[in-house]
Amino acid sequence: MIVLVLLETYFPEREYTAKLKGRAYLTNLLVFGFNNSIFIAFNIASVSLIAYSYRLHNSFDLLPVWGQAILGVLLLDFFIWLWHLSNHKIDFLWRFHKAHHSEQFLNATSALRFHLGELLLSVLIKSVILIVFGISFWIFVLYEVLVTFFAAFHHSNIRLPKWFQLYLERFIISPNMHRTHHSALRDEHDSNYGVIFSWWDLLFKTFDDRQPKNIGLVNISEKTFFNFLLFPFRKK
Ligand SMILES: [Zn+2]
């Protein structure tokens with residue numbers, strides 16, 4: 001995260017005022033601290049482990065280790081893609097996910113900016129995936145580590161050489177692809193739902209390579225930490 005923040009500071013794709021950048025970094029770090037305090041205090045990570053102990057079968061364990069890793073990461077990435085798409089299509093889920101989209105200065109720490117409500121719901125979804133598919137728990141942990149890195153990368157404001165970006169997009173979500181996903185226009189932000197691999201968006205035709213004029217949400221300005229927490233419960 002620190003390396004990515006340094007890179008986006010010295011090689012920015014888009015320019016922003018120091019004030020906007022400072023507020024975004026501060027809000028995201030506070031959100032991260034708050035979410036993790038709740039997760040630790042209520043031992044929420046153990047929910048996935050409990051779910052895993054109730055898996056419906058153990059056919060996953062019969063595969064060789066490399067097979068488990070490849071299939072497990074692909075399965076999880078596909079279902080997280082589907083979950084992200086649902087967050088945009090279902091109004092109740094969008095209320096929470098919208099808080100993440102309230103970011104105007106897209107940066108590496110935007111990957112930490114998720115509403116607690118959305119994170120709690122995603123723990124339940126991941127638990128269902130573990131129960132149904134019986135994906136080995138170490139693969140689930142591996143996937144979570146990979147997501148942390150790739151999400152920080154694709155949210156970052158780093159300027160990449162065009163040839164490298166285009167090459168990357170054949171396999172994984174680039175910062176350019178994810179910037180479209182943070183467009184203020186619904187038509188543009190209902191696209192590029194992928195977390196690690198770009199294949200699901202290419203396969204299901206939700207890929208969009210237009211570059212947005214404005215990032216964030218229409219008529220909603222940058223949120224402070226407390227505004228962020230109350231965001232899903234606002235009338236409009
Ligand atoms: Zn989204």
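Helix axes here are lines fitted to C-alpha atoms, over the stretch in contact, and angles run from 0 to 180 degrees between N-to-C directions. With that in hand, let us walk through the structure, which is a predicted model: local features need pLDDT of at least 70, side-chain atom pairs count only at pLDDT 80 or more, and totals for chains, interfaces and linings use all residues. Residues are numbered from 1 along each chain as its sequence is written.

Let us begin with the overall picture. The protein has twelve helices and zero strands, where helices (H or I, at least four residues) and strands (E, at least two) are DSSP runs numbered from the N terminus. The radius of gyration is 18 Å, close to the 18 Å that the globule rule gives for 236 residues, so the protein is as compact as a globular protein of that length. That radius is taken over C-alpha atoms, and the globule rule is 2.2 Å times the number of residues to the power 0.38. The C-alpha trace spans about 55 × 40 × 35 Å along its principal axes.

Of the 236 residues, 30% count as buried. A residue is buried if 20 or more other C-beta atoms lie within 10 Å of its own, exposed if 12 or fewer, and partly exposed in between, with C-beta atoms placed from the backbone. Among contacts with a separation of 6 or more, 74% join residues 24 or more positions apart; two residues are in contact if their C-beta atoms, placed from the backbone, lie within 7 Å.

Now to the helix pairs, starting with helix 4 (residues 65-89) and helix 5 (residues 91-101). Their axes come within 6 Å and cross at roughly 100 degrees, which makes helix 4 roughly perpendicular to helix 5. For these labels, angles under 35 degrees count as roughly parallel, over 145 as roughly antiparallel, 65 to 115 as roughly perpendicular and the rest as oblique. Ser-86, Asn-87 and His-88 of helix 4 meet Leu-93, Trp-94 and His-97 of helix 5. By class, the residues of this contact are two nonpolar, four polar and no charged. Here Ala, Val, Leu, Ile, Met, Phe, Trp, Tyr, Cys and Pro count as nonpolar, Asp, Glu, Lys and Arg as charged, and the others, Gly among them, as polar.

Helix 4 also has a contact with helix 6. The axes of helix 4 and helix 6 come within 11 Å and cross at roughly 140 degrees, and the two are therefore oblique to each other. Their crossing is right-handed; a crossing is left-handed if the near helix is turned anticlockwise from the far one by less than a right angle, and right-handed if clockwise. Leu-75, Leu-76, Phe-79 and Trp-83 of helix 4 make this contact with Ser-122, Ile-125, Ile-129 and Phe-133 of helix 6. Seven of the residues are nonpolar, one is polar and none is charged.

Next comes helix 3. Its axis and that of helix 6 (residues 116-133) come within 8 Å and cross at roughly 20 degrees, which makes helix 3 roughly parallel to helix 6. Helix 3 passes helix 6 in a right-handed crossing. On the helix 3 side are Val-47, Ser-48, Ala-51 and Tyr-52, and these meet Val-123, Lys-126, Ser-127, Leu-130 and Ile-131 in helix 6. The contact divides into six nonpolar, two polar and one charged residue.

Ser-127 is worth a look in this contact. Leaving aside neighbours within four places in sequence, Ser-127 is in contact with Val-47, Ser-48 and Ala-51. Ser-127 and Val-47 are 80 residues apart in sequence, and their C-alpha atoms are 7.3 Å apart in space. Ser-127 is partly exposed, with 18 other C-beta atoms within 10 Å.

Finally, some loop residues. His-182 lies between helix 9 (175-181) and helix 10, and it counts as buried because it has 22 C-beta neighbours inside 10 Å. Beyond its neighbours within four places in sequence, His-182 is in contact with His-101, Glu-103, Leu-106, His-189 and Ile-215. Asn-43, in the loop between helix 2 (18-41) and helix 3 (46-53), has a positive phi of about 50 degrees. Asn-192, in the loop between helix 10 (186-189) and helix 11 (199-203), has a positive phi near 45 degrees. Asn-43 counts as exposed, with 9 C-beta neighbours inside 10 Å, whereas Asn-192 counts as buried, with 27.
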